[in-house]
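Subject: The structure, and what turned up in it

Hi,

Here is the structure I promised to send over. Have a look at it first, and then read on for my notes.

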Amino acid sequence: MTTTLPLTIVTDPEDEGAASVFVDVECDGRMLPFLLDTGAAHSRTSAGRRRGSAANPPTAAAASRGALGGRPTSHARTVIDALVWGTGAEPVTLHGVEMESTEEDAPGPAHVLGLDVLARHRLDLFYSTARLTVDAPERPTPSAHLVLSSHGHPHIELEWDGVRVRALLDTGASVTVVDNDFASRHRHLLARRGVHDGTDDYGASARTPMAMLAGPRVGGRSFRPSMAAIAPIRGIQPEGDPDFDVILGHPLLSQADWSLDLPGRRWSFLDELDADRSLIE
């Protein structure tokens, strides 16, 4: 069944091209803005029915850590009896969804739609028209293998004149993040642009160097230079998951329309007529 949602794109005036992308989700009868986040293993909300009581404390989720570091933290759990997202006659409806519990005034977005919900779906992201189509029929366009982590994080490959690197494709990242060591080894790819006080989805804050990242080729398509932060991200993934040196965020992602078939482990460009057809396998 196919459903469509509008994307709400909230720009950050402090960083060129930076933005966060939200979808409205009905959560136990309340319509709430959820960050659409393929970089988050776990969904999160301040709504729902908190698990446990004083005599029976709520269980904790697996420890989570954001892109800017900090100690891994465990979260209490909340249960959403009915989660509904999408428009038309057949929205996606889930019952008894368990999420991380957070407070409305906690650092980062109060509501995050992560891979525990998203990984079971094909996501067609139309940045050009600010809409998301969920579980559309497969399109007859070239597609490439999508490397997934144990939690379903999607990874693709970037290339600059022979320099190749794996990147986590993160729809929840307002800017691209480049690993410190990669940036040091490839200084010609980054033009420094000062320092920014950043906060990730889990509330970790840091003064982060910013740079204009040279436009890579992705799937045979050339992208324009875009803003990126520089942070020590190498090794933040769980043991055994794919390594990556870049978290691919909004300034680059918004330059194309993407199809992420997460269950099928394939990806493609939706606006393929404007792109080179030779996807990287």
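Is glutamate 98 buried, partly exposed or exposed? Glutamate 98 is partly exposed, because its relative accessibility is 30%. (Buried means under 20% relative accessible area, exposed over 50%, and partly exposed in between, using a 1.4 Å probe and protein chains only.)

Before the rest, some housekeeping. This is a predicted model, so local features need pLDDT of at least 70 and side-chain atom pairs count only at pLDDT 80 or more, while totals for chains, interfaces and linings use all residues. Residues are numbered from 1 along each chain as its sequence is written, and side-chain values use heavy atoms, with hydrogens and water left out.

Salt bridges

There are five salt bridges in the structure. The term means a side-chain nitrogen of Lys or Arg within 4 Å of a carboxyl oxygen of Asp or Glu. One of them joins glutamate 98 to arginine 77, with 3.0 Å between the closest N and O atoms. Glutamate 98 sits in strand E10 (residues 92–101) and arginine 77 in strand E9 (residues 77–85), so the pair ties together parts that are 21 residues apart in sequence. Strands here (E, at least two residues) and helices (H or I, at least four) are DSSP runs, numbered from the N terminus. Arginine 77 counts as buried, at 9% relative accessibility.

Arginine 164 and glutamate 157 make another salt bridge, their closest N and O atoms being 3.3 Å apart. Here arginine 164 is exposed at 56%, and glutamate 157 is partly exposed at 28%.

Then there is arginine 234, whose side chain meets that of aspartate 243 in a salt bridge (3.5 Å, N to O). Arginine 234 has a relative accessible area of 43% and is partly exposed; aspartate 243 is partly exposed too, at 34%. Asp245 joins in as well: Arg234, Asp243 and Asp245 are linked in a network of salt bridges.

Around strand E9

Back to the strand that holds arginine 77. Seven of the nine residues of E9 are buried, so this strand is largely enclosed by the rest of the structure. E9 pairs with E10 in the antiparallel sense over eight bridges, and threonine 78 stands opposite methionine 99 in E10. (Two strands count as paired if DSSP finds at least two bridges between them.) Strand E3 (residues 19–27) also runs antiparallel to E9, over two bridges, with cysteine 27 partnering leucine 83. Two bridges join E9 to strand E6 (residues 49–50), again antiparallel; there, arginine 49 stands opposite valine 79.

The cores

Leu83 turns up again in the largest nonpolar core, which has 57 residues; Leu83, Trp85, Leu113, Leu132, Trp258 and Trp267 have the most contacts inside it. A nonpolar core is a set of buried Ala, Val, Leu, Ile, Met, Phe, Trp, Tyr and Cys residues joined through side-chain atoms within 4.5 Å. Apart from that core lies another, of seven residues, including Val177, Ala231, Ile233 and Phe244.

An open sheet

Six strands form an open, antiparallel sheet in the order E1-E13-E12-E25-E26-E14. Strand E1 (3–6) and strand E14 (144–145) stand at the edges with a single partner strand each, so one side of each is left without a neighbour in the sheet. Within the sheet, four bridges join strand E12 (residues 122–126) to strand E13 (residues 131–134), and aspartate 124 stands opposite threonine 133 in E13.

Cheers
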